[in-house]
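Here is a friendly note to read beside the structure. Please keep the model open and look up each residue as it comes along.

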Amino acid sequence: MRCLRDKKNLLIEAGTGIGKSFAYLIPAILSQEKTIVSTATLALQDQLAGKDLVFLQKQLPHQFSFGILKGKNNYLCLKREREFTEISDLYVRFREWLSKTRTGEKDELPFIPEFWSKVCGDSQDCSGRMCPFYDDCFYYRHYRHLFKKDILVINHHLLIHDLFSDFNILPFHKQVIIDEASELEGVISHVMGSTLSYSRVAWLLYRLKGLKIIVDPLFPKVESFFKGINIPSQTISPIPKDIIEKLKDLKETLALDTVVPTLKKQKDSASDEMLFDRIETTIGYVTTLGAEIDDFIEQEDTGKVYYMAGNNGTLELRSSLVEARSPSRNLIGAYDSVIMTSATLTAGGNFTFLKQRLGIEDFQERIISSPFDYSKQALLYINKDLPPPSNKNNEVFQQESLAVIEELINASQGRALVLFTSYNHLRSAAQNIRIPYPFKAQGEMPPARLLQWFKDTPHSVLLATATFWQGIDIKGETLSLVVIGKLPFASPGDPIYQERCRRLGDKWFSELALPSAILVLRQGFGRLIRGHSDYGVVAILDTRLVTHAYGKTIVSSLPEIGITHSLEDVKHFFDSIPSTVPKRKPT
């Protein structure tokens, strides 16, 4: 409250269960200043807007309003849906939903259609007020109401896109509270980069074809570039010279610089508003794509790393910003007061790592530990018998660790969240796991619906990665076991990580790899105990915790907790804890 009142900045780590949401929402409400609250995950965004702020509206004597805004790709675009021509049984179901929805939000859908990317909002295919569908647009109809709100809940991607657009997206910029602030660097790196993919180029060709521009001869050449080579199984950086030469040929084939004058002539003689808008946005799309192709050919921006990767059988060229310090400082300078918080912002007991990565200073600092008694409420199981999870024996590790995961789940009677560090490991486990309890894997439905399924389904198991390492709040016996397959070290094949390590020289492990892994591990660990009456087990299956010297550093960063290497101790712990959940025998 003092920081908001005095226009100061604050770094504050507050352990799980402190009540961070209320601790920053209440001062923001009482400050009577319009406030942005930004989160890293949709799950926390939905929790704030669907639960916490609703509760505070009822309990506080001070009246206030709030809203939630997600990126345009979370909302149906009426214009793009009108242009969509593929008909299928799934599309018929989609049209039924469209006839009933009032919000057009993806999270309302009971399923995720493969064609969603073709009918959702797209900033590059949006002309805003000039669009003939502007008055009925789901996104802008929602957006227009946000200027009157006191609290606006967004996600980090939208926050950085606002910075990238010279602060022309968000409706106000007085003060910002950044929850899950440890994710900010990664979001800045992603948003400030770009991706050149088959779907982007093919979409443009279909759009040009619809505008009577001859493009049919181009499709085979585009397919040849994106699909006609050996697709890499992992990222490759820098982009090989032979790929760059082929990209130059593709640029010459597309001849985008000659398309724009033709489109401008069409626009001047457009017969109706919809056609004018389609041509206008297409010109912008062509211009942006041309500039990005040139950027990949030249690769002259020393602040970026350029790389290639495979995605669903096609080639993708990508770039990402290596260092986030300059954009981070620009973001902070745009607000009167910036509060950064999370359950995990420190590594080694201080904020040095975060401040170095974001290049920030002049922040007040505070660390508040968890109120829970982990020594009584929880047990940490560390496996010391599995093979180490190295690339050489990855398949063996996945097979043998799955057997341990099954034993742990049987001991906890389901009620488990199993966290993976890669989608490959997640998919392997989902396909091969054999347990007598209901389970689902991330990707089967939108995150919010998946989380609700887990809460509503007794003895259920959720297999997840990425967003489920943080930002989800499941109190009580619904979640009694958190399994962490591997220590969450960044992938050595990640070119952004590689470049950051290279720039740090000999200090790469101590100043980047280890503190980053500690932060993510603490986030995953924090999913378990969410209240004073919660009990449960965190299981880490990575034997490096006991075989490597840094294992002690990692364990010491976790709350004081009993440690075991025995599955029998885990079973005994579950048998001994107080429970109101009926025991269920495996079927």
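The points below go through a helix, some ring pairs, charges over rings, and salt bridges.

1. Ground rules. This is a predicted model, in which local features need pLDDT of at least 70 and side-chain atom pairs count only at pLDDT 80 or more, while totals for chains, interfaces and linings use all residues. Residues are numbered from 1 along each chain as its sequence is written, and side-chain values use heavy atoms, with hydrogens and water left out.

2. Helix α12. Helices here are DSSP runs of H or I with at least four residues, strands are runs of E with at least two, and both are numbered from the N terminus. Just after α12 comes A255, with a positive phi of about 45°.

3. Which residues of α12 are buried? They are I243, I244, L247, L250 and L254, where buried means under 20% relative accessible area, exposed means over 50%, and partly exposed lies in between (1.4 Å probe, protein chains only). These residues cover an arc of only 115° around the axis, which puts them on the same side of α12; the arc is that of the directions from the helix axis to the C-beta atoms. An α-helix has 3.6 residues a turn, so residues three or four places apart point the same way. On the other side of α12, K241 and E252 are exposed.

4. K251 forms a salt bridge with D294, with the closest N and O atoms 2.8 Å apart. The term stands for a side-chain nitrogen of Lys or Arg within 4 Å of a carboxyl oxygen of Asp or Glu. K251 lies in α12 and D294 in helix α14 (residues 273-298), so the pair ties together parts that are 43 residues apart in sequence. K251 is partly exposed at 40% relative accessible area, and D294 is partly exposed at 26%.

5. How many salt bridges does the rule give? The count comes to 33. One of them joins K70 and D46, whose closest N and O atoms are 3.2 Å apart. K70 is in the loop between β3 (66-68) and α4 (78-83), and D46 is in helix α3 (residues 42-59), 24 residues apart. K70 is buried at 3% relative accessible area, whereas D46 is partly exposed at 22%. Another salt bridge pairs E185 with R500 at 3.8 Å between the closest N and O atoms. This pair links helix α9 (residues 184-191), which holds E185, to helix α21 (residues 495-504), which holds R500, across 315 residues. Both E185 and R500 are buried.

6. A network around R80. Salt bridges that share partners join K79, R80, E83, D125, R207, D277 and R278 into one network. R80 lies in helix α4 and is buried, at 3% relative accessibility. Neighbours within four places in sequence aside, the contacts of R80 (heavy atoms within 4.5 Å) include S117, K118, D122, D125 and W203.

7. Aromatic pairs. The structure holds 26 aromatic pairs. Rings of Phe, Tyr and Trp (its six-membered ring) pair if their centres lie within 6.5 Å, and planes under 30 degrees apart count as stacked, over 60 as edge-to-face and the rest as tilted. The ring centres of F94 and F115 are 5.2 Å apart with planes at 85°, so this pair is edge-to-face. Both F94 and F115 are buried. The rings of Y134 and Y140 also have centres 5.2 Å apart, but their planes are at 45°, so the pair is tilted. Ring pairs link Y75, Y134, Y139, Y140, Y143 and F147 into a cluster.

8. Charges over rings. The charged end of K227 sits over the ring of Y198, 4.2 Å from its centre. For this, NZ of Lys or CZ of Arg must be within 6 Å of the ring centre and within 35 degrees of the ring normal. Y198 is found in helix α10 (residues 198-210) and is buried at 15% relative accessibility.
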